[in-house]
Structure formats: C-alpha cells, structure tokens
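This report looks at how chains in an assembly meet. Please view the sequence and the model before reading on.

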Number of protein chains: 4
Amino acid sequence: MPFSYPIDVRFSDLDALGHVNHAVIISYLEHARHHWWQGLIKGKPFEEEGYLIARVEVDYRESILINDKVIVTLRCESIGTSSFTLAFQVRDELRDVVFAEARIVQVMLDFKTQRSRPIGDETLTWLRSQL
Amino acid sequence: MPFSYPIDVRFSDLDALGHVNHAVIISYLEHARHHWWQGLIKGKPFEEEGYLIARVEVDYRESILINDKVIVTLRCESIGTSSFTLAFQVRDELRDVVFAEARIVQVMLDFKTQRSRPIGDETLTWLRSQL
Amino acid sequence: MPFSYPIDVRFSDLDALGHVNHAVIISYLEHARHHWWQGLIKGKPFEEEGYLIARVEVDYRESILINDKVIVTLRCESIGTSSFTLAFQVRDELRDVVFAEARIVQVMLDFKTQRSRPIGDETLTWLRSQL
Amino acid sequence: MPFSYPIDVRFSDLDALGHVNHAVIISYLEHARHHWWQGLIKGKPFEEEGYLIARVEVDYRESILINDKVIVTLRCESIGTSSFTLAFQVRDELRDVVFAEARIVQVMLDFKTQRSRPIGDETLTWLRSQL
C-alpha cells in the first residue's frame, strides 16, 4: 500500500549547479518516511519505536528544479527480523517524470542500549499492512 | 591511489537523534570528491569539466558523533565510456572504526546541453591514475 | 500588504536539541521571500532582477517543533535607493504563538558586475504596492 | 579575549547563486561558538550548561566563495543576568577581507523546565575571562 507525501522544494535545497542537491533528495525521503511512520506511532516519541538507517541506494534520473512539484511515494518492500526495506519513488506531481528511485534499509533500534532489536508485534502487523 | 580528506564535523550536521544525519554523510562524500577533483581541474570552473551524480549506495556502520575525527577516503573503482565509479570509506582518524562505506556513479555532463557525454582524453588519463 | 507562505517543517530542520535550528529559520524566511518575489518576476531568472542579503536581524521567541504548523508573513517595511527592508513574522497557523520576528535588508545586485544598483522603476512600483 | 576557529567551506554550503548562503554563515558562527564553549564545558553534555539563541544580527559585507579560507573570531561583548552577547567577525585568513560581522544573544536555559535561568557562578567567571 503506497504512501505519498508532497515536497515543497526550497531555494535552500538547491546547490551551486542550480538543481536540488542529491543529498537533499535523501532528506526528502526522510521527510516522507517521517510522516508515513506517524501512521504507526501517532505522535509517540520516535525513541520509543524508532530505527536507524543501515543502507541507502538511490538512482537519480532527472534533476529537480525550484519550481517542480515533487511528490515522494514509498512502500514497504520486505520485512526481516529486525529490519525492513522501503522502496521510494520521487516523481513530478503534474508531469510524467521520475526524478529518483531509492531503496532504504531501516534497522529497529533500542535507543537505550543503542543496539538493534527485533521488530515488535504491533509494528510487524502494521508493516505487513504496508507491503 | 586513494585520496583522503578530513571532515570537520559541525553541530549543524547533527539531527534530532544527536548523531550526524545520514544525508549529511553524503555531503561529506561530496566535499571529499570536490577536493579530489581539484587535482584534475585545478580551479577551472566545474561546468567546463564536471559530472552529475547518477547513483549512490551507502552502507552505514556506526553513528558519527560531534567530537569524532572523521576522514573520507576515496578511490576510483571503475571507468566507463561516460561515467566513473568511486568507492568511499568514512573512517575515524584516530580509532579503528568505519562509519560508512559508499559507492557513487558520476556521469560526465555537457552543461550546455545538459546531456551526458564521453569522458575526454585528459580526464581519462587522470582517472586511470586514480584507480 | 502582507504576504504569507506556509512552511512544511522537515525532520532535517531539527538540530540535536530537537527543535528547528535558528539558522534554518532564516531559510524559512528565504523560502517565503522567494515565493513573494515571484509576484514580481513571475518565473524570470533571478539574476535578471535579484538582490543580495545585506543585513539580517532575528528575534527568536519560541522554539519550533516538528509538528508545528508554521507560517511566515512578510511585508515591505521601507524602500531605499538600491535596497529595501522586509519585516517577517514566523507564527503558528493554529495557535496564537509567534516563533520569531525578523527584519532583513536586501540590496539590488547587478549580477554581471556583482555590484549594487538602484532599484528599477517596475520593481519600485511593485515594492510600493507591498508596503 | 577573542577566540578563533577556521571554517572548511563545503560545496554544500553554496546556494544557487554560487556563494555561501547567508543562513549557512550563521551555522559557521554556531560551529565556532560550539568549540569556544568547549573551553568551559570540556565535553560535558550541553544540556547541563547550555543556552538558546535569543537574537541574531548579521551584516554581510562580502560573498564567501568555495575556495576562500574562512576564519570566525568571536569575543564576549557583554554579560547580563541570564544572557550574554557575543560579537563575531567572519574573515578571510589570508586576505584583508571581512565577509560578515554579527552579534548574537544567548540565553541560559534550564533544559528540564525549558525556561531561562541565571548564569551560574562558574560560567560567569569564565565568561568574564572572555570579555
């Protein structure tokens, strides 16, 4: 079940080449994921049910310019014991253009011990509903 | 032949979890690559001999904290017709810790037409010396 | 005549203290000003009719948190020969809270010579309509 | 007693106009202040002896470009009951150029109550040594 979130491109997202910097696009993914995750944690502190980023893969297809209407779509692609993988697409809302595609691995973290931990039951159920 | 560049971690690189944000680490790679590329272009405008980022892969191993002494090492891993791949390691300068490893594909760009173009002879010779 | 623009607070706007970093709030002002200025230049390149920032003053009243609904309001406060001053307010859209107030001086720039220049007639007329 | 800290300008500090963005320069001030404050807290958590930013004033004199050698100098200008004011200069290390000057008011914060609090004795003594 895909989740979509629009991005309001800022002037400060641009780099000296005049397009949105490739690292900033990864912050766009983070922004969409933050709002998606609220569907599970509903305002609870992230430290109670949160993750770290273990791996990022991004393919950049087209440059994003300041006036582009950007939308990020994500869906859960696979679920492991302590991690899950999200697939992202960064598209233009109006035109048939894909700016970037990405795959990111999140690992559930016990913030007290700073160690990874298994996905809990409630989160597992929710993640399965997002496949 | 690896190239290394130290990173002066800034407070503004941290996110709300208190460690360097994963997207910012990609800016660290960009920063090191910028200085490495100066070995070729020596202050010439980037638009005369520059590239876009086509693909990024990063594996995050350990969090970077504000007082860590970070160094980025990169080397050219392979050279194609119009692109080249760099392998990065983000390490602690003092301790035996690897924070992240990355592989990034750069595509040579003709900034006038905004299209990819073959790697020129001078750049090819230089890139081969960086393998 | 005030102009308002909503800000979609991002996780990456937060710093290690868990609130929106004070420097990022200045990017919020830039973002609102960028959209306000489009009312004049309507998609024309900024380098044809643009400015540099000469002075920034910000008073920070309340911290902005990730779930706050932020809106920036600006109006033109005064117009000089080659510069104009904007007054900003950063507020909560829902609650009666002012996060920050700011005053910023912009200087018209001739991007070819990189020197300041007088405000042109068309821009002057438009700025007066924004007082 | 002035304190100085060099800034390693990053490509990601530039905006679409090709110079260091004005908001990023405020992060440079933050970076220098972070290291200056270590002279007092010596690695202790910032939340035990920390502050919020109450007011920022910056005058921008010259653009900072990617190859500039930037150094930030700060000194304590005045000390109040619960706040202190720092004066900053952002200069070129090699050339006689001032990029920006700033004055920033910090307010001591009790991070548990999120309210301002008087400057403690040890911090007061240290701040006086920085006048």
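## Salt bridges between chains B and D

A salt bridge is a side-chain nitrogen of Lys or Arg within 4 Å of a carboxyl oxygen of Asp or Glu. By this rule, the interface of chain B and chain D has two salt bridges. One of them joins the side chains of Arg10(B) and Asp13(D), at 2.9 Å from N to O.

The model is predicted: local features need pLDDT of at least 70, side-chain atom pairs count only at pLDDT 80 or more, and totals for chains, interfaces and linings use all residues. Residues are numbered from 1 along each chain as its sequence is written, chains are lettered from A and ligands numbered from 1 in the order in which they are written, and side-chain values use heavy atoms, leaving out hydrogens and water.

## The contact surface

Chain B and chain D each put 17 residues into the contact (heavy atoms within 4.5 Å). Together they bury about 1,400 Å², with 45% of it on carbon and sulfur atoms. Buried area is the accessible area (1.4 Å probe) that two parts lose on being put together, summed over both.
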